[in-house]
Amino acid sequence: MAEVVFDHVTRIYPGNDKPSVDDLNMDIKDGEFLVLVGPSGCGKTTLLKLIARFYDVDDGAVRIGGVDVRDMTTEDLFARVSFVFQDVYLFNDTLRNNVLMANPDASEEQLRAVADLAGMTEVVERLSEGWETLCGEGGRSLSGGERQRVSIARALLKQAPIVLLDEATSALDAENEKNVVRSIETLKRRSTLIVVAHKLETVRMADKIVVMDRSGKVAETGTHNELIALEGEYKDFWDKRNASSQWQLV
């Protein structure tokens with residue numbers, strides 16, 4: 001089961017008096033595509049990292065398939081969860097091996113298929129060593145956008161029941177955003193997909209949108225059309241993003 005439940009979850013970062021996430025309840029169904037939106041610092045990324053257990057809750061519980069993530073082994077948790085965060089770390093190994101670490105038994109055909117979806121093929125073809133290019137420590141020989149593409153390819157290849165994406169298009173240009181949208185369409189057909197996003201196209205694709213407020217609580221929940229009809233925080237978010245997408249430098 002790939003259901004994710006936040007049960008009265010509170011998370012307070014050391015040195016802070018105010019919770020990043022405060023007594024939050026959320027039920028994400030098996031196979032659901034959920035998008036988190038809200039102002040900077042409202043706890044969206046914190047929620048993803050609590051699922052992956054990069055942090056532990058200060059109160060409440062995060063459960064996957066009814067099991068508290070704190071009761072899972074690291075191997076069991078990471079077998080269920082794949083993630084693409086803004087800060088992508090790559091090993092000082094080849095491009096090929098950095099992707100294949102998600103599924104060492106994958107075929108060459110599978111590798112090339114995920115590379116096409118993630119927008120990696122153009123990078124591989126441009127580099128003189130192709131798939132055998134060394135990424136450098138942390139991936140320093142690649143740009144931020146190229147590292148994100150590797151991370152997305154990993155997530156596609158792993159085929160985990162739960163996929164977490166945090167601003168997966170933040171370092172990509174418009175052309176490669178299309179590749180990410182295609183990747184999301186593939187992932188949502190086979191995984192529970194939880195995405196932090198501000199890009200309008202990604203947000204509108206969601207089965208459910210959760211709007212968080214600055215206090216780390218859920219302000220609104222619903223589909224795009226339902227939330228637009230409420231004329232609340234989500235509609236304000238949507239109108240501002242829509243307006244900014246029309247801006248041009250003159």
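Of the 15 residues of helix α6, 12 are buried, so α6 is largely enclosed by the rest of the structure. Buried means under 20% relative accessible area, with a 1.4 Å probe and protein chains only; helices are DSSP runs of H or I of at least four residues, strands are runs of E of at least two, and both are numbered from the N terminus. The model is predicted: local features need pLDDT of at least 70, side-chain atom pairs count only at pLDDT 80 or more, and totals for chains, interfaces and linings use all residues. Residues are numbered from 1 along each chain as its sequence is written, and side-chain values use heavy atoms, leaving out hydrogens and water.

Helix α6 covers residues 144-158. Its buried residues include G145, E146, R149, R154 and L157. At 1.5 Å a residue, with the expected span taken as 1.5 Å times one less than the number of residues, α6 should span 21 Å, and its end C-alpha atoms are 21 Å apart, which agrees. The helix is followed by Q159, whose phi is positive, near 55 degrees.

The protein chain as a whole contains 10 helices and 10 strands. Its radius of gyration is 18 Å, close to the 18 Å that the globule rule gives for 250 residues, so the chain is as compact as a globular protein of that length. This radius is taken over C-alpha atoms, and the rule is 2.2 Å times the number of residues to the power 0.38. Along its principal axes, the C-alpha trace spans about 55 × 50 × 35 Å. Buried residues make up 49% of the 250 residues in the chain.

Note on methods:
Buried means under 20% relative accessible area, exposed over 50%, partly exposed in between (1.4 Å probe, protein chains only).
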